Amino acid sequence: MRLALIGVGLIGASAAWAMKRGGVFDTVSAFDLSTKSVLKAVDMGIADAASSTLQECVQGADAVLVAVPVLAIEKVTAQIEPFLGDDTLITDVGSVRGVVIDGARRVLKEKFVNYAPVHPIAGGEMPGVDYADADLFVGAKAISTPVDGIGERAVRFWEEAWKTAGSDLLRMTPEEHDAVFASVSHLPHLLSYAMVDSILNTGSAERKLSLAGAGFRDFTRIAASSPEMWVDIFRANKKAVLEALSYFEKDLALLRRAVENDEVEVTRSVFARAADARRRIAPHLPKKRTATTGITVMPI
């Protein structure tokens, strides 16, 4: 089988590499707006052919994986739709499901039956094909969100492909997916960006950053992620992100008042509840990967 990979970034390149290594696909053709990225993917053995156009990449392919920023997925899918065969399987890896699935339904029309989206819960702070890793998804979760109109053949194929890549599959509705990841992925990125920027807006920012320790490093690691990708995510999942942000703002206001008024028991209660929850979920979180085995897995 031949896979057409549209978007040769960290996730798309890693997914194609893992699935090719696992025997899901024999060959991979790749297209990206960055010719350099496509040629790098060929050089790394991820792709077998560098395509200069979307049509060249997609035409005749057995399956298509769209790995572009979420607000570009509908446009790209519309562009490739005329070149998809009647049985060509298609998926995307967008980290927002509601708007992306609605867009796919609009532009794919009767070919929507061949579409099945899966969101891999893995990634890293450094974007780009240079950081691609065929083991990126091993032990990580992947969320399948089938809806009415999507065929069982497509769902089964892409779920098995992600299992071959090493992922543990879960199914959710698009609504549940977007609410969950607004809280545990999208909001943390927003806060991480905000933390770093807030320091940049104070006096002696460089001095403060030079003295930052492990806590600051771990909390703000994801602030090195692609700004373009995350701007799209927040726009696409605005309602759920704002709801998650409202809960956070209430807790932050509570802690501010407690610190201002020296309400030790209030502060201790919040800290203790959070610490207990974090310790309980620790065994279920993605394991940190060393420099010899790759980057730290982080939900996106």
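User: I'm looking at the open sheet of five strands; in what order do they come, and how do they pair?

Analyst: A quick word on the ground rules: this is a predicted model, where local features need pLDDT of at least 70, side-chain atom pairs count only at pLDDT 80 or more, and totals for chains, interfaces and linings use all residues. Residues are numbered from 1 along each chain as its sequence is written, and side-chain values use heavy atoms, with hydrogens and water left out. Now the idea: strands (E, at least two residues) and helices (H or I, at least four) are DSSP runs numbered from the N terminus, and two strands pair if DSSP finds at least two bridges between them. Here the order is E3-E2-E1-E4-E5, and the pairing is parallel. The edges are strand E3 (49-50) and strand E5 (89-92); each has a single partner strand, so one side of each lacks a neighbour in the sheet.

User: How many bridges join E1 to E4?

Analyst: Strand E1 (residues 2-6) and strand E4 (residues 63-66) run parallel and are joined by four bridges.

User: What about the open sheet of three strands: what is its order?

Analyst: That one reads E6-E7-E8, with mixed pairing. Strand E6 (118-120) and strand E8 (168-171) are at its edges with a single partner strand each, so one side of each has no neighbour in the sheet. Strand E7 (residues 141-144) pairs with E8 in the parallel sense over four bridges, and Ala 142 has Leu 169 in E8 as its bridge partner.

User: On to helices. At what angle do H4 and H5 pack?

Analyst: Two packed helices are described by the angle between their axes and the distance between the axes. Axes are lines fitted to C-alpha atoms, for helices over the stretch in contact, and angles run from 0 to 180 degrees between N-to-C directions. For H4 and H5 the angle is about 10°, with the axes 9 Å apart. That makes the two roughly parallel (angles under 35 degrees count as roughly parallel, over 145 as roughly antiparallel, 65 to 115 as roughly perpendicular and the rest as oblique).

User: Which residues of H4 and H5 meet?

Analyst: Contact means heavy atoms within 4.5 Å. On the H4 side you'll find Val 70, Ile 73, Glu 74, Thr 77 and Ala 78, meeting Val 100, Gly 103, Arg 106, Val 107 and Leu 108 in H5.

User: With which residue does Glu 74 form a salt bridge?

Analyst: Side chains of opposite charge can pair when their charged atoms come close. The cut-off for a salt bridge is a side-chain nitrogen of Lys or Arg within 4 Å of a carboxyl oxygen of Asp or Glu. Glu 74 pairs this way with Arg 106, and their closest N and O atoms are 2.9 Å apart. The pair links distant parts of the chain, with Glu 74 in helix H4 (residues 70-80) and Arg 106 in helix H5 (residues 98-108), 32 residues apart. A search of the whole structure finds 13 salt bridges.

User: How far apart are the axes of H11 and H12?

Analyst: Helix H11 (residues 238-260) and helix H12 (residues 264-281) have axes 8 Å apart and an angle of about 140°. They are therefore oblique to each other. Their contact includes Leu 254 and Leu 255 in H11, and Val 270 and Phe 271 in H12.
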